[in-house]
Amino acid sequence: TLASAPPLNARVRAVVAHAAAPFAGYNSPPSPHAVPLLKHDAREDWVVPPYAAASMTPGQLGPLNGTVGEGGWLYTRSVEVTAAWASAFDSAAEQGGGAADLRPAGSGVASALDGYRGFGCEMREGRAEVLTCEGSWTHSFALATPLNAPAGIELASIAYDFVSRFVRAADGSL
């Protein structure tokens, strides 16, 4: 992604990926500046399957440990994307890169859609800067207000709340 490479990764506050994953073999976490990531996954997404269970090769991974979308493309599994981005924060902290240590206890993160169609958010690798939110819907619900959701609640507002938590200093640190 563009946020993975300098100089843009020193200026981007956060990235929100809606029903998206890099092609298998192209999972490059941002360096040298870590960038917060919110990944919205749909458990029933066969276009860009986040897990082996949704892959076109049910329960099996394709080449490069990827999932196979309905178009035949290979994608990096969601857990590998978030683990790589979380490791960028650990690396930046070790190198004095200014990554904020935002590791609260527990992994659950409250949201306005909690429980609706199995929706929930959690930190990955213990990093509050890397969240995965998922629900039981398909690829097309990524930014929309899910059917029968509480009025005024949509995934875009959850994304805005996430991005608003992070501010970059002039030197690119969080």
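Among contacts in the protein between residues at least 6 apart in sequence, what share joins residues at least 24 apart? The share is 61%, where a contact means heavy atoms within 4.5 Å. The structure is a predicted model, in which local features need pLDDT of at least 70 and side-chain atom pairs count only at pLDDT 80 or more, while totals for chains, interfaces and linings use all residues. Residues are numbered from 1 along each chain as its sequence is written, and side-chain values use heavy atoms, with hydrogens and water left out.

The protein has 2 helices and 7 strands, and these elements follow one another along the sequence in the pattern β-β-β-β-α-β-β-β-α; helices (H or I, at least four residues) and strands (E, at least two) are DSSP runs, numbered from the N terminus. Of the 174 residues, 44% are buried, a term that stands for under 20% relative accessible area, with exposed meaning over 50% and partly exposed the range in between (1.4 Å probe, protein chains only). The accessible surface comes to about 8500 Å², and carbon and sulfur atoms hold 58% of that area; such areas come from the Shrake-Rupley method with a 1.4 Å probe, and for residues only the protein chains shown count as cover.

A159 is buried, at a relative accessible area of 8%, and its contacts, once neighbours within four places in sequence are set aside, are V16, H18 and L38. With V16 the separation along the chain is 143 residues, yet the C-alpha atoms of A159 and V16 are separated by 6.5 Å.

Not counting residues up to four places away in sequence, S55 touches P49, Q60, T67 and V68.

N65 lies in that loop too, between β2 (37–42) and β3 (67–68), and has a phi near 65°, a positive value in a residue other than glycine. A positive phi of about 50° is likewise found at R117, which is not a glycine and lies in the loop between β5 (108–109) and β6 (120–124). N65 is partly exposed, with a relative accessible area of 34%, and R117 is partly exposed with a value of 34%.

Finally, the structure holds 4 aromatic pairs, counted where rings of Phe, Tyr and Trp (its six-membered ring) have centres within 6.5 Å, with planes under 30 degrees apart taken as stacked, over 60 as edge-to-face and the rest as tilted. The rings of Y116 and W137 have centres 6.4 Å apart and planes at 35°, so this pair is tilted. Because Y116 lies in the loop between β5 and β6 and W137 in the loop between β7 (127–135) and α2, the pair ties together parts that are 21 residues apart in sequence. Both Y116 and W137 are buried. Elsewhere, ring pairs link F23, W73 and Y75 into a cluster.
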